[in-house]
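Please consult the sequence and coordinates alongside the points below.

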Amino acid sequence: MEQRISLVTLGVADIEAAAAFYEALGWQRVPGEEGVIAFDLIGQTLGLYPLADLARDMGLSVEALGHGAMTLAYNVRDKAQVAELIDTAERAGATVLKSAHDVFWGGHIGYFRAPDGCIWEVAFNPYAPLAEDGSFRWLGYA
């Protein structure tokens, strides 16, 4: 298995409402099959899929899917962008879990819950600068 993730699929209760939230953040859908909405990212795709269908595809009940303890992270180029994006997400319908703040390791982060329930971290990491195209790598691009 090559070391990469190609597609992140979010199981959501209301696919159109979830898509409207990401579009309010400035993302653009790509054409696709009915029943799934996709947003191409840098090197990956984020897919929105009805939660009940995702559970059925896996052979599980919706209740058995549980609530994974994970976040989706969006790194930004400078500290001020953390608060800006948290504010944009809130205006688009997100719930702010933690406003932008400095953290012990030298970065600046904040968290929000999207209307679909997914939790996002917005982070500025001075030790991992983004590439010109926005690509992220753990130790950054020097």
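On the surface, Phe-104, Trp-105 and Tyr-127 make up a nonpolar patch whose accessible area is about 430 Å² together. The model is a predicted one. Its aromatic ring pairs number 8, and one of them, Phe-21 with Tyr-22, is edge-to-face.

**Surface patch**
- Tyr-127, one of the patch residues, is located in the segment after strand E7, which spans 119–124.
- The relative accessible area of Tyr-127 is 55%, so this residue counts as exposed, the cut-off being over 50%.

**Aromatic pairs**
- The count of aromatic pairs comes to 8.
- Phe-21 and Tyr-22 are both buried.
- Tyr-22 also pairs with Trp-120, at 6.0 Å between ring centres; the planes are at 55°, so this pair is tilted.
- The pair of Tyr-22 and Trp-120 connects distant parts of the chain, 98 residues apart: Tyr-22 belongs to helix H1 (residues 15–24) and Trp-120 to strand E7.

- Trp-120 is buried because its relative accessible area is 7%, where the limit for burial is under 20%.

**Aromatic cluster**
- Through ring pairs, Phe-21, Tyr-22, Trp-27, Phe-39, Phe-112 and Trp-120 are joined into a cluster.

Methods. Residues numbered from 1 in each chain as written. Predicted model: local features only at pLDDT ≥ 70, side-chain atom pairs only at ≥ 80, totals over all residues. Heavy atoms only, no water. Patch = residues over 30% accessible without salt bridge, like charges linked within 9 Å, V, L, I, M, F, W, Y side chains within 5 Å. Areas by Shrake-Rupley, 256 points an atom, 1.4 Å probe, with all protein chains shown as cover. Salt bridge = Lys/Arg side-chain N within 4 Å of Asp/Glu carboxyl O. Helix = DSSP H or I, 4+ residues; strand = E, 2+ residues; numbered from the N terminus. Buried < 20%, exposed > 50% of the residue type's maximum accessible area, 1.4 Å probe, protein only. Phe/Tyr/Trp six-rings, centres within 6.5 Å; stacked < 30°, edge-to-face > 60°.
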